[in-house]
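Here are my notes for when you sit down with this model.

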Amino acid sequence: MNFLREKTNIIDRYIVRKYLGTFLFTLGIFVLIIVIFDLSEKLDDFMESKLDFWGILTKYYAGSVPFYVNMLSPLINFIAVIFFTAKMADQTEIVPILSGGVSFNRFLGPYFFSAFLIFAFNLASNLYVLPYTNKLKNDFENTYVKRNDPSSKSNIHMKLDDKTYIYIDNFDNRTNMGYRFSLDNFNGDVLVKKLVADQIKWDSTKRVWKLSNYSVRSVNGLKEQMIYGTGKEKDTVLDMRPDDFSAYDNVVQNLSMRELSDKIRKEKTRGSGIMNDLLFERYKRYFHPLSAFVLTLIGVALSSRKVRGGVGLPLGIGIVLSFLYIVLNQFAQMFSLKGGFPPLISAILPTALFGVLGFVLLKKAPK
């Protein structure tokens, strides 16, 4: 019994070392290749930005590399498991392990331990790291790479709370400035205050909005009062931020979990039509890291049998399945954001479907 326990511990360490070693090495190679292609594609934009190497490194690649790692992690995880497991099967290393008294479920133990480490890393990254690194990446792209794309949003109507409605004719995301702003405040169905300004600009230092060339009309029954600020500025606190009017699609990725929850709460009142985007982003951050377990299960079940052709056949099947998983994720996101499909179901559906496939393959795996 002690001999069997010692043997399984050696096998566990061997599998964990092979799993994580192959995963990290392959991930590093893929990220390096993507960075090289990305650098060659954006070289002209980098040169026009007049930023030095350190500026590009800290303002762009410090944000894009974590993004690439997170994006590639399911694919590389799957390929790594299939590659070294198929190699073990091809070298007839798995048959002696199972014949020596180790059950197939016990054989899966070190795989799932390694998958748990990857899952924990991806989950922590999704919740606490990527929102900040995505902001670095997206702000750089919006400023230097997408500078010819539209940066303004027009005809903005928004409900701030049960009594307050605002309108902005045009808002520029690069200057954080809006034009022809109005605010209506109601008591029931009765208008009690109307504020109009030619310009409204976000002051990031004071965290207030600056109104320029404004007027305020106050209504109290039959009495009205007008205050004119022609040629003057006025600071005001409003429950809105510049990213509420963003013309860029990637702004949701920049939100921390606290900001995302706060925006979801506000969206229930505002009804500006981005609720599915916000909910899908929140669910995705929690559920997508589960792919580490699902793809590991499929990878082991698929490649643990020795087949004619060696490593090539299971590796080819694995690459096809991994790309299919990525495509399914993209379709689920599109159906949620554009087709009105429930965000929770959209976020968990690809992982759930591949989980079912994993259990089917597990039933057919060699025991």
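1. Start with Asn155, which is found in strand β1. This is a predicted model, and in it the phi of Asn155 is near 50°, a positive value in a residue other than glycine. That's worth a second look, because most residues other than glycine have a negative phi.

2. Asn176 is another one to check. Its phi is near 55°, again positive in a residue that isn't glycine. Where does Asn176 lie? Look in the loop between β2 (164–172) and β3 (177–187). Asn176 has a relative accessible area of 23%, so it counts as partly exposed; the cut-off for buried is under 20%.

3. Now zoom out to the sheet. Six strands make it up, in the order β1-β2-β3-β4-β5-β6, and the sheet is open with antiparallel pairing. Which strands stand at the edges? They are β1 (152–159) and β6, and each has a single partner strand, so one side of each has no neighbour in the sheet. From one strand to the next, the twist averages 10°. As background, strands of a sheet pair through backbone hydrogen bonds.

4. Follow the chain from β4 into β5. Strand β4 (residues 190–203) and strand β5 (residues 208–220) run antiparallel and are joined by ten bridges. Then try Val196, which has Ser215 as its bridge partner in β5. The two strands form a hairpin with four residues between them, and Arg207 in the turn has a positive phi of about 60°.

5. Carry on from β5 to strand β6 (residues 223–236). How many bridges link β5 and β6? There are eleven, and the pairing is antiparallel. Ser218 has Gln225 as its bridge partner in β6. This is a hairpin too, with two residues between the strands; Gly221 in the turn has a positive phi of about 70°.

6. While you're in this part of the sheet, click on Ser212, which lies in strand β5. Is Ser212 buried or exposed? It counts as buried, because its relative accessibility is 16% and the cut-off is under 20%. Leaving aside neighbours within four places in sequence, Ser212 is in contact with Ala197, Asp198, Gln199, Lys232 and Glu233.

7. The largest nonpolar core has 38 residues, and the ones touching the most other members are Tyr19, Met88, Phe107 and Tyr111. Two or more residues each come from α1 (2–49), α2 (53–90), α3 (94–99), α4 (104–107), α5 (109–145) and α8 (291–303). Which element gives the most to this core? It's α2, with 14 residues.

8. If you skip its neighbours within four places in sequence, Phe107 is in contact with Ile15, Met88, Ile94, Ile97, Leu98, Val102 and Val300. There is also a second, separate core of 19 residues, which includes Leu160, Ile166, Ile168 and Met240.

9. Look at how α2 and α8 sit together. They pack at an angle of about 25°, with their axes 8 Å apart, and are therefore roughly parallel to each other. The crossing of α2 past α8 is right-handed. Among the residues making the contact are Phe78, Val81, Ile82 and Thr85 of α2, and Leu295, Ile298, Gly299 and Val300 of α8.

10. Helix α7 (residues 275–287) packs with helix α10 (residues 343–364) at an angle of about 35°, and their axes are 8 Å apart. This crossing is right-handed. The contact includes Leu279, Phe280 and Tyr283 of α7, with Leu344, Ala347 and Ile348 of α10.

11. Finish with helix α9 (residues 312–339) and α10. Their axes come within 8 Å and cross at roughly 160°, which makes α9 roughly antiparallel to α10. Here, too, the crossing is right-handed. Among the residues that meet are Leu321, Leu324, Tyr325 and Leu328 in α9, and Pro350, Leu353, Phe354 and Leu357 in α10.

Key. Residues numbered from 1 in each chain as written. Predicted model: local features only at pLDDT ≥ 70, side-chain atom pairs only at ≥ 80, totals over all residues. Heavy atoms only, no water. Pairing = 2+ DSSP bridges. Core = buried A, V, L, I, M, F, W, Y, C linked by side-chain atoms within 4.5 Å. Buried < 20%, exposed > 50% of the residue type's maximum accessible area, 1.4 Å probe, protein only. Contact = heavy atoms within 4.5 Å. Axes fitted to C-alpha atoms, helices over the stretch in contact; angles between N-to-C directions. Parallel < 35°, antiparallel > 145°, perpendicular 65-115°, else oblique. Left-handed = near helix turned anticlockwise from the far one by under 90°.
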